Amino acid sequence: MVVTTAAAQAKVLVVEDEETLLFTLAHNLRREGYAVLTASRGDDALKLAREKLPDLIVLDVMLPGVDGMQVCRLLRRDTTVPIIMLTALGGEGDRVAGLDTGADDYVPKPFGMRELMARIRALLRRSGPRALPDAGPTLILSGDMEVDRERREVRRGGKILKLKPKEFELLLFFVQHPGRVFSREQILDEVWGYDFYGGPRTVDVHIRWLRQKIEEDPALPVRLRTVRGSGYLFEG
Ligand code: CA
């Protein structure tokens, strides 16, 4: 029988390329009442972590695709989700390297399942009932614009710009990544994720709408620029 605990709703992402261990971990976590997501590659783990926002990640170091250390480093750019790293490398140096990447805990293989479960519980308790991702500052200033993440408002010269929810998310994404070119595919992935049901023109259409609200002359955009053949770039 599965006992329902305070952690019952927590979502745990397990990243491990050894099939048997992945299966065992997932099985034990489900028995403890967690919702479980699994990945066996580093790149898949990054995608899942961003789309599904797990409450905790159990991350193996040696992985195909992108290794665990790198996954951890990349995740730490935009989230504070608790991360427990698993590794067969037991030396003190590796432990320090693991913690340096921003992992919260480190469990050398082989480990006891009970011990790992205890550490997961402890980390989840520390991070609160729901470890919401820290997506950066609440108020982002960009030129004469103020993007308020909490109130989901954009202000300019004391006035609130009327943006639709998707336009807001699109603008928020761009002001958080100024000066970088993003392809339509990347924008779809980052801003729409699994909500996407439209066609390839969806991004262009939303960009056009957004320009009508943030550009002096939407026909000659200077902030949200088109980079021919590549995608779009936001000037910070
Ligand atoms: Ca491995």
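L171 is in contact with M145, V147, V154, L163, L210, I214 and F234 when residues up to four places away in sequence are not counted, contact being defined as heavy atoms within 4.5 Å. The model described here is predicted, so that local features need pLDDT of at least 70 and side-chain atom pairs count only at pLDDT 80 or more, whereas totals for chains, interfaces and linings use all residues. Residues are numbered from 1 along each chain as its sequence is written, and side-chain values use heavy atoms, with hydrogens and water left out.

A second, separate core comprises 22 residues, among them L46, L48, L59 and M69; a nonpolar core is here a set of buried Ala, Val, Leu, Ile, Met, Phe, Trp, Tyr and Cys residues joined through side-chain atoms within 4.5 Å. Buried denotes under 20% relative accessible area and exposed over 50%, with partly exposed in between (1.4 Å probe, protein chains only). The largest nonpolar core holds 25 residues, of which L171, F174 and I187 touch the most other members. Two or more residues are given to this core by each of β7 (145-148), α6 (165-176), α7 (184-192), α8 (202-214) and β12 (231-234), and α6 provides the largest share, with seven residues. Helices (H or I, at least four residues) and strands (E, at least two) are DSSP runs, numbered from the N terminus.

Over the chain, the secondary structure amounts to eight helices and twelve strands. Of the 236 residues in the chain, 43% are buried, and among contacts between residues at least 6 apart in sequence, 56% join residues at least 24 apart.

Helix α7 has I187, L188, V191 and W192 as its buried residues. Viewed down the axis of α7, these residues fall within an arc of 100° and therefore line one face of the helix, the arc being that of the directions from the helix axis to the C-beta atoms. The cover over the buried residues of α7 includes α6, β10 (181-182), α8 and β12.

Aromatic side chains were also examined. Rings of Phe, Tyr and Trp (its six-membered ring) were taken to pair if their centres lie within 6.5 Å, and by this rule four aromatic pairs are counted. Ring pairs join F173, F174, F182 and F234 into a cluster; one of these residues, F234, is also touched by L171, and another, F174, is among the residues that touch the most other members of the largest nonpolar core.

In helix α2 (residues 42-52), the buried residues include G42, A45, L46, L48 and A49, and the elements covering the buried residues of α2 include β1, β2 (35-39), β3 and α3 (68-75). Just after α2, L53 adopts a positive phi of about 45°. K47, also found in helix α2, is partly exposed at 39% relative accessibility; K47 and E190 are 143 residues apart in sequence, yet their C-alpha atoms are 9.6 Å apart in space.

I57 belongs to strand β3 (residues 56-60) and is buried, with a relative accessible area of 2%. Not counting residues up to four places away in sequence, I57 touches L13, V15, A49, L75, V81, P82, I83 and I84. The C-alpha atoms of I57 and I83 are 4.8 Å apart, although 26 residues separate the two in sequence.

The calcium ion is coordinated by D17 (OD), D60 (OD) and M62 (O), at 2.0 to 2.4 Å, and these donors follow the spacing D-x42-D-x1-M along the chain. D17 lies in the loop between β1 (11-15) and α1 (19-31) and D60 in strand β3, so the pair ties together parts that are 43 residues apart in sequence. D17 is partly exposed, at 36% relative accessibility, whereas D60 is buried, with a relative accessible area of 3%. Donors are N, O and S atoms within 2.8 Å of the metal (3.2 Å for Na, K and Ca), and water is not among the atoms, so sites may look incomplete.

In helix α1, which contains N28, this residue is buried with a relative accessible area of 18%. Leaving aside neighbours within four places in sequence, N28 is in contact with M113 and M117.

Technical notes
Rings of Phe, Tyr and Trp (its six-membered ring) pair if their centres lie within 6.5 Å; planes under 30 degrees apart count as stacked, over 60 as edge-to-face and the rest as tilted.
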